[in-house]
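Here is a short briefing to read alongside the model. Have the viewer open and follow the residue numbers as you go.

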Amino acid sequence: MTLHRGPQPFRDLPPDEAAVAAERLEWRAQAPASQAMFDALVAPLLPTAGRVLEVGAGTAPLVRKALRANPALRGYATDKSAAMLGTAVRLATGEGHATFEAAAWDVTDAAAFPFGREPFDLIVSSVMMPYLTDDESAAVVHDLAGRLAPGGWLGFVEQEARTQTVHFP
């Protein structure tokens, strides 16, 4: 028996289960409390122009909201689930985000980072850290901080992923 720390990983979900998980993530992202959390915690960090990356993005709700708030941004999303990223690309395309790119990446493999060396002005994540061990979390924070432009921001917006509701504040 394998015990998992935190929520069940999404990487290898069958397509039907991935679709259900993506729908749930999108429902949570559209909740008024999620928008309030974005407005209070992420929106003030948005650069006037530049690159914004969402890691452990799932359906990429944070970067898509950033692109809606400031279409001059270039948005990037990574997740280790190709099925989740497929939904993210479909949603971003449907929303008209021409400056959105997504690529599969497991944050614990820093050498496999898919978006080159150009720094990011803002790197955000939501509900990723519960999937990592303490040592992995420390390594990910160190790696992502090294991918920031001078004056850039690294933000983790953590929520309880196993609930059906979102509360903020």
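Are Tyr76 and Phe115 buried or exposed? Both Tyr76 and Phe115 are buried, where buried means under 20% relative accessible area, exposed over 50% and partly exposed in between, with a 1.4 Å probe and protein chains only. This is a predicted model, in which local features need pLDDT of at least 70 and side-chain atom pairs count only at pLDDT 80 or more, while totals for chains, interfaces and linings use all residues. Residues are numbered from 1 along each chain as its sequence is written, and side-chain values use heavy atoms, with hydrogens and water left out.

**Overall layout**

- The protein has 5 helices and 5 strands; helices (H or I, at least four residues) and strands (E, at least two) are DSSP runs, numbered from the N terminus.
- Read from the N terminus, the elements follow the pattern α-α-β-α-β-α-β-β-α-β.
- Of the 169 residues of the protein, 45% count as buried.
- Among contacts (heavy atoms within 4.5 Å) with a separation of 6 or more, 73% come from residues 24 or more positions apart.

**The sheet and its helices**

- An open sheet is formed by 5 strands in the order 3-2-1-4-5, with parallel pairing; two strands pair if DSSP finds at least two bridges between them.
- Strand 3 (100-104) and strand 5 (148-157) are the edge strands, and each pairs on one side only.
- Neighbouring strands of this sheet are turned by 15° against each other on average, direction ignored; axes are lines fitted to C-alpha atoms, for helices over the stretch in contact, and angles run from 0 to 180 degrees between N-to-C directions.
- Strand 1 (residues 50-55) runs parallel to strand 2 (residues 73-79), and 5 bridges join them.
- Within this part of the sheet, Glu54 stands opposite Ala77 in strand 2.
- Helix 3 (residues 61-69) packs on the sheet and touches strand 1, strand 2, strand 3 and strand 4 (120-126); the direction of helix 3 makes about 175° with that of strand 2.
- Helix 4 (residues 82-94) lies across strand 2 and strand 3, running at about 175° to strand 3.
- Helix 3 is mostly covered, with 7 of its 9 residues buried; they are Pro61, Leu62, Val63, Arg64, Lys65, Ala66 and Leu67.

**Nonpolar cores**

- A nonpolar core is a set of buried Ala, Val, Leu, Ile, Met, Phe, Trp, Tyr and Cys residues joined through side-chain atoms within 4.5 Å.
- The largest one has 20 residues, of which Val42, Leu46, Ala60, Ala77 and Phe100 touch the most other members.
- Helix 2 (32-42), helix 3, strand 2, helix 4 and strand 4 each supply at least two residues of this core, and helix 3 gives the most, with 4 residues.
- Leaving aside neighbours within four places in sequence, Ala60 is in contact with Glu54, Ala77, Ala88 and Phe100.

**Aromatic rings and charges**

- The whole structure holds 5 aromatic pairs; rings of Phe, Tyr and Trp (its six-membered ring) pair if their centres lie within 6.5 Å, and planes under 30 degrees apart count as stacked, over 60 as edge-to-face and the rest as tilted.
- Tyr76 and Phe115 are edge-to-face because their planes stand at 65°, with the ring centres 5.0 Å apart.
- This pair links distant parts of the chain: Tyr76 is in strand 2, while Phe115 is in the loop between strand 3 and strand 4, 39 residues apart.
- Tyr76 and Phe120 also make an edge-to-face pair, 5.5 Å centre to centre and with 85° between the planes.
- Here Tyr76 in strand 2 is joined to Phe120 in strand 4, 44 residues apart, and both Tyr76 and Phe120 are buried.
- Ring pairs link Tyr76, Trp105, Phe113, Phe115 and Phe120 into a cluster.
- A charge sits over a ring if NZ of Lys or CZ of Arg is within 6 Å of the ring centre and within 35 degrees of the ring normal.
- The charged end of Arg51 sits over the ring of Tyr76, 4.6 Å from its centre, and that of Arg147 sits over the ring of Phe113, 3.9 Å from its centre.

**Around Ser137**

- Ser137 belongs to helix 5 (residues 134-145) and is buried, with a relative accessible area of 14%.
- Not counting residues up to four places away in sequence, Ser137 touches Met129 and Leu132.
- The C-alpha atoms of Ser137 and Val107 are separated by 9.3 Å, and the two residues are 30 apart along the chain.
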